[in-house]
Amino acid sequence: MQDILNEIAKEMMAIKDKGKVASYIPSLANVDINQFAISVSLCNGEHYHAGCANTLFSIQSISKVFTLTLALGKLGENVWHRVGREPSGDPFNSIVQLEHEHGKPRNPFINAGAIAVADLIMQGHEPKETLAEILQFIHYISNDDSILIDEEVAKSELATGSRNASLAHFMASFGHFINPVDKVLGTYFHHCSIAMSTKNLANAGLFLANNGIHPSSGYPVVSSERAKRINALMLTCGHYDGSGEFAFRVGLPGKSGVGGGILAIAPGKASIAVWSPGLDIIGNSKLGTKALELLAEKTSWSVFAK
Ligand code: DON
């Protein structure tokens, strides 16, 4: 595995066209595009890394996997009254479907869906309390208490978040919101601004590869049924209107973020995190996807074949 990761990292570093860093969140536009990292945490307890696997980056939409997990823990199946489970076929920040579908977002991973999930997990609490809960959960699943929110990124998102504010107010106009819109947006922007390394992320995703069980403690984080379903949503909706392409090329459930990270799950085998800040036109990491494609090829990991 170490040889495979070294080879992939070397190959990725040599590629000139790395895509483009996200520029609509000003503090992400300053990230050095030449960085690359890959981490693999195996279900058997082994860990492998290549590149700058300890460097922190903005996890952005990958945080939506963790907030969905928390929402399912609090509300169970009732989550599905607020958000759907269908791929959207539209960009992550699209508003068009929301009107036709009466303010119910297609899935929990597009921005509108994740904002609705943030509203669900707040349950009348202040953003600070909800964020503390989200961080505590991430500390537990990644075995790292030092993970924090990057306040500069959060401020930058807030300052340029008109599109997300529009999505939130539009949903609220259908009477769906439980908490004040501004507080929900504050919670959403801050959880997107959590900073983690690929090492952290690969560890954090391990319960999804391991039938819901947190491997180091042996305790269930979620039931095996729920882990299976979160993986299904990652596969069908985790890359927005690029989800089909990701399933075709990589063949594993995955969730991307505009910070350039991707968390991918090989059920029963491993949790994988990659980071390369340059994005493709859809907003998914260009070399991150390429690296996962190579890893899947070299390991034969796929949810579509034995
Ligand atoms: O709300 C936003 O636009 C960002 N905080 C998250 C978007 C994102 O990561 C899309 N993923 N590829």
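This is a predicted model: local features need pLDDT of at least 70, side-chain atom pairs count only at pLDDT 80 or more; totals for chains, interfaces and linings use all residues.
Local features need pLDDT of at least 70 and side-chain atom pairs pLDDT 80 or more, while totals for chains, interfaces and linings use all residues. Residues are numbered from 1 along each chain as its sequence is written, and side-chain values use heavy atoms, without hydrogens and water.

Colleague: Which strands stand at the edges of the open sheet?
Modeller: The order is β2-β1-β8-β7-β6, with antiparallel pairing. Strands are DSSP runs (E, at least two residues), numbered from the N terminus, and two pair if DSSP finds at least two bridges between them. Each edge strand has a single partner, so one side of it lacks a neighbour in the sheet; these strands are β2 (47-51) and β6 (254-256).

Colleague: How far is a nitrogen atom of the ligand from an N or O atom in the side chain of Gln60?
Modeller: Gln60 is among the residues that come nearest to the ligand, as is Glu157. A polar contact is a pair of N or O atoms within 3.5 Å. For Glu157 the distance from a polar side-chain atom to a ligand nitrogen is 2.8 Å. For Gln60 the distance is 2.6 Å.

Colleague: What share of the area exposed by the ligand taken alone does the protein bury?
Modeller: Accessible areas come from the Shrake-Rupley method with a 1.4 Å probe. Taken alone, the ligand exposes 330 Å². The share buried by the protein is 99%.

Methods:
Helices (H or I, at least four residues) and strands (E, at least two) are DSSP runs, numbered from the N terminus. A residue is near a molecule or strand if one of its heavy atoms lies within 4 Å of it. A polar contact is a pair of N or O atoms within 3.5 Å; within protein, one must be able to donate a hydrogen and the other to accept it, and residues adjacent in sequence count only if both atoms are side-chain atoms.
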